[in-house]
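Please look through the structure shown here with its sequence at hand.

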Amino acid sequence: MKILGIESSCDETACAVVEDGKRVLSNIVASQIDEHRLYGGVVPEIASRRHAENISWVARAALDEAGLTMNDIDAVAVTYAPGLIGALLVGVSFAKGLAMSADKPLVPVHHIAGHIASNYISHPELKPPYLCLVASGGHSHIVEVKDYTRYHVVGRTRDDAAGECFDKAARTLGYEYPGGKFIDAAAKLGDPDAYKLPKPRVQGSEYDFSFSGLKTAVINLVHNAAQKGEEINREDMAASFQKTVAQTLVEKTMLAAENLGYTTVALAGGVSANSGVRELLKQECEKRGFELYMPELKYCGDNGAMIACQGYFDYLAGKRADESLNGIATLSLDKISEEDD
Ligand code: KG4
Ligand code: ZN
């Protein structure tokens, strides 16, 4: 079964064709980052306009690269939540038009479920149930993946997402947006014990995250040093910061896995590309004899293949949308599971 996946929730216009939820026949990503970089972050209005300009050719390119036409496609899957509302609406409207004109089923896909599904592309042998750490620019979650379409979020961030924290720390250190990957590269050259940063703590829930205090600590250290005319070693700060984020994400995930009885753990979201997070998660899973699954680097960031892959499982579970489908800016994974129950 061949599914055309469409993703436009943030700043990448992406379309892909995936067969049976695992064989990627094409995967086209048109990134707008160069334009948003000028403003130090994603400008929603610009994002919507660029999606509208790009979506037709990106979908056409995905079909062409797969050597297919719409006649060969069995269903259209589209990200409908969560994300920037104007950006989501471009993908949703395009997908509705395409599905209706080609007389194909339309499958609504949750963006975070898509990130989790990127693991099925890289590791078709992975089967629920398992525990997934999702860390992206907009979300930091610890999720019980109960089956391919049912989730329970056991931990979430109280303030900034992990990726957001990476990007803000990177900006303070003078790196361009989005700076997560620059921190990752710089951290490889630095001493992770050079700067003492606070380990974020959260009252009330042992699996929730809080990253704003850590972000503020980096900002204060950098500004205080500047006021005293002292130099901050960027590589050392990047390494110390990355180590603290990785420890926080991984410690809570290990605690949740142990307490909830999971021995299979997965990682997903843009921050899953981070070498420090990947390495620490690998070490800690090995120590405990846990099986660990991580997406290949090319499927860590936003892409259409993960949406087509999750679309396959949602299709099998009977999820369908019609012309009334709308974009939704905020929608918890728990909520879509409740609708199923
Ligand atoms: O999942 P994603 O592509 O978009 C959202 O759904 O938010 O995640 C983007 C985030 C950005 O904050 C970006 O800086 C971060 O993922 N990111 C990284 C790395 N690559 C991307 N953060 C740390 N290390 C990386 N190598
Ligand atoms: Zn994403």
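A residue counts as near a molecule if one of its heavy atoms lies within 4 Å of it. The model shown is predicted. Around ligand 1 there are 19 residues, of which G137, D167, D184, G270 and N274 come nearest. By class, this shell divides into four nonpolar, eleven polar and four charged residues. Three helices each supply at least two residues of the shell: α4 (111-122), α5 (162-172) and α6 (180-187).

Where does ligand 1 sit? Its place is the largest pocket. Several polar atoms of the protein can be picked out around the ligand. The side chain of N274, one of the nearest residues, has a polar atom 3.0 Å from a nitrogen atom of ligand 1. Backbone atoms take part as well: a polar backbone atom of G163 is 3.2 Å from an oxygen atom of the ligand, and a polar backbone atom of D302 is 3.3 Å from an oxygen atom of ligand 1. Taken alone, ligand 1 exposes 550 Å², and the protein buries 85% of that area.

D302 leads on to the metal site. Which residues coordinate the zinc ion (ligand 2)? They are H111 and H115, each through NE2, and D302 through OD, at 2.0 to 2.1 Å. Along the sequence, these donor residues follow the spacing H-x3-H-x186-D. H115 lies in helix α4, whereas D302 lies in the loop between β10 (291-293) and α10 (304-316), so the pair ties together parts that are 187 residues apart in sequence.

The backbone itself has some points to check. A cis peptide bond joins A81 and P82, with omega about -20°. P82 is in the loop between β4 (75-81) and α3 (85-102). Another cis peptide bond joins P128 and P129, where omega is about 5°. P129 belongs to the loop between α4 and β6 (130-135). D20 is located in the loop between β2 (12-19) and β3 (23-31).

Key. Residues are numbered from 1 along each chain as its sequence is written. Chains are lettered from A and ligands numbered from 1 in the order in which they are written. This is a predicted model: local features need pLDDT of at least 70, side-chain atom pairs count only at pLDDT 80 or more; totals for chains, interfaces and linings use all residues. Side-chain values use heavy atoms; hydrogens and water are left out. A polar contact is a pair of N or O atoms within 3.5 Å; within protein, one must be able to donate a hydrogen and the other to accept it, and residues adjacent in sequence count only if both atoms are side-chain atoms. Accessible areas come from the Shrake-Rupley method with a 1.4 Å probe; for residues, only the protein chains shown count as cover. On a 1 Å grid over the protein atoms alone, a cavity is a set of points where a 1.4 Å probe fits but cannot get out, and a pocket is an open set with protein on both sides within 12 Å along at least five of seven lines; lining residues have an atom within 4 Å of a point. A molecule sits in a cavity or pocket if more than half of its atoms lie within 2 Å of its grid points. Helices (H or I, at least four residues) and strands (E, at least two) are DSSP runs, numbered from the N terminus. Ala, Val, Leu, Ile, Met, Phe, Trp, Tyr, Cys and Pro count as nonpolar, Asp, Glu, Lys and Arg as charged, and the others, Gly among them, as polar. Donors are N, O and S atoms within 2.8 Å of the metal (3.2 Å for Na, K and Ca); water is not among the atoms, so sites may look incomplete.
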